[in-house]
Amino acid sequence: MKIVAIVGSIRKDSYNLKFAQYVQERYQDRFDLEILNIREIPFFNQDIEKKPSVVVTDFKNKVKNADAVLWVTPEYNGTVPGILVNVIDWLSRVDKVMIGKPSWIMGASMGNLGTVKAQMHLRDILFSPGINSPLLPSNEVYVGAVHTKMDEDGDITHQPTIEFLDSVVNNFIDWFNQQSQNVSV
Ligand SMILES: Cc1cc2nc3c(=O)[nH]c(=O)nc-3n(C[C@H](O)[C@H](O)[C@H](O)COP(=O)(O)O)c2cc1C
């Protein structure tokens, strides 16, 4: 299974990026996870949505060709970071490459609530008509106090988090396979 990860932070020491990299490495035998670079994606502009720059078309093609999307988001001011909303706007227009594509969400923050509000809003956005992405239900990954659960190399050191993540990955794969069967019936 080919999954692309879209991380809502572009800072170099991002916990969310490290988290996505941890998932990429730990579950490399379960799926192929590519973390997409959204650093250079320009602001969405409806004037150029039909002829966007190559950075945008490459990004959209990678999402289009993936079996699923993993969203890994920080929380900014109680919601989804603008950089993530921006790429979602691109994905929601013209060829609408997200429609029907399965998604799952994770998020990490230094606060205790671990991106609860951001994920709540992201879920709503992913159900909008231009995205309409089926979302893994009942497996909400909120990693609060992430700085106490991860070492400097980005390895998770908190055993309950690792075990929970293992269970979510299993649930995602089961759910994904179920979705695929439903599509082929
Ligand atoms: C503009 C801004 C707004 C933030 N708002 C929140 C917030 O609403 N809730 C929260 O838990 N953390 C908030 N934080 C702290 C982030 O959780 C923290 O900076 C985190 O490390 C960002 O994710 P990253 O490490 O992947 O870049 C905010 C940080 C910034 C820069």
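Start by selecting helix α4, residues 116-126, which lies across β3, β4 (103-108) and β5 and runs at about 160° to β4. Helices (H or I, at least four residues) and strands (E, at least two) are DSSP runs, numbered from the N terminus. Angles run from 0 to 180 degrees between N-to-C directions, with axes fitted as lines to C-alpha atoms, for helices over the stretch in contact. This is a predicted model, in which local features need pLDDT of at least 70 and side-chain atom pairs count only at pLDDT 80 or more, while totals for chains, interfaces and linings use all residues. Residues are numbered from 1 along each chain as its sequence is written, and side-chain values use heavy atoms, leaving out hydrogens and water.

Next, colour the sheet. Its five strands form an open sheet in the order β2-β1-β3-β4-β5, with parallel pairing; two strands pair if DSSP finds at least two bridges between them. At the edges you will find β2 (32-35) and β5 (141-143), each pairing on one side only. From one strand to the next, the twist averages 20°.

Now turn to helix α3, residues 82-91: this helix packs on the sheet, touching β1 and β3 (68-72), where contact means heavy atoms within 4.5 Å. The direction of α3 makes about 135° with that of β1.

Zoom in on β1, residues 2-7, which pairs with β2 in the parallel sense over four bridges. Pick K2 to find its bridge partner D32 in β2, then A5, whose partner in β2 is I35. Five of the six residues of β1 are buried, so this strand is largely enclosed by the rest of the structure. Buried means under 20% relative accessible area, exposed over 50%, and partly exposed in between (1.4 Å probe, protein chains only).

For a contrast, select V54 in helix α2, residues 54-65. V54 counts as exposed because its relative accessibility is 55%.

Finish at the largest pocket by selecting S9, R11, S14, Y15, N16, P74, E75, Y76, A108, S109 and M110, which line it. A pocket here is an open set of points on a 1 Å grid over the protein atoms alone, where a 1.4 Å probe fits, with protein on both sides within 12 Å along at least five of seven lines; lining residues have an atom within 4 Å of a point. The volume of the largest pocket is about 150 Å³.

Terms used:
Points joined across faces, edges and corners; volume = space filled by probe spheres on them.
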